[in-house]
Amino acid sequence: MSVESAKAYINRMRSDEAFKNLVNEGAEDEQASWALLKEHGFAFSMNEFRQAQDEIYAEHGINPL
């Protein structure tokens with residue numbers, strides 16, 4: 001698992017509308033969502049996801065509420 005994988009996931013969600021729709025509509029529950037992400041090569045924990053968000057926010061000068 002890695003922060004880099006989480007950042008790649010976030011960036012793909014922002015740039016690939018078909019992938020975003022697949023993720024948002026394709027999983028019935030949380031476990032299925034994680035399995036779907038793993039199928040697409042992403043492996044990260046929620047803590048790594050939050051760290052990736054923080055890094056992306058800092059890169060773009062975004063101050064989350």
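Ser5 touches Gly41, Phe42, Ala43 and Phe44, leaving aside residues up to four places away in sequence; a contact here means heavy atoms within 4.5 Å. Ser5 is found in helix H1, helices being DSSP runs (H or I) of at least four residues, numbered from the N terminus. With a relative accessibility of 12%, Ser5 counts as buried, the cut-offs being under 20% relative accessible area for buried, over 50% for exposed and partly exposed in between, with a 1.4 Å probe and protein chains only. The model is a predicted one, in which local features need pLDDT of at least 70 and side-chain atom pairs count only at pLDDT 80 or more, while totals for chains, interfaces and linings use all residues. Residues are numbered from 1 along each chain as its sequence is written, and side-chain values use heavy atoms, with hydrogens and water left out.

Next, the rings. The structure holds seven aromatic pairs; rings of Phe, Tyr and Trp (its six-membered ring) pair if their centres lie within 6.5 Å, and planes under 30 degrees apart count as stacked, over 60 as edge-to-face and the rest as tilted. Take Phe19 and Phe42: their ring centres are 5.8 Å apart and their planes sit at 45°, so this pair is tilted. It links distant parts of the chain, with Phe19 in helix H2 (residues 17-26) and Phe42 in the loop between helix H3 (30-39) and H4, 23 residues apart. Both Phe19 and Phe42 are buried. Ring pairs join Tyr9, Phe19, Trp34, Phe42, Phe44 and Phe49 into a cluster.

Now back to H1. The axes of H1 (residues 3-15) and H4 (residues 46-60) come within 8 Å and cross at roughly 65°, axes being lines fitted to C-alpha atoms over the stretch in contact, with angles from 0 to 180 degrees between N-to-C directions. Residues making this contact include Tyr9 and Ile10 of H1 and Phe49 and Ile56 of H4.

Technical notes:
Helix = DSSP H or I, 4+ residues; strand = E, 2+ residues; numbered from the N terminus.
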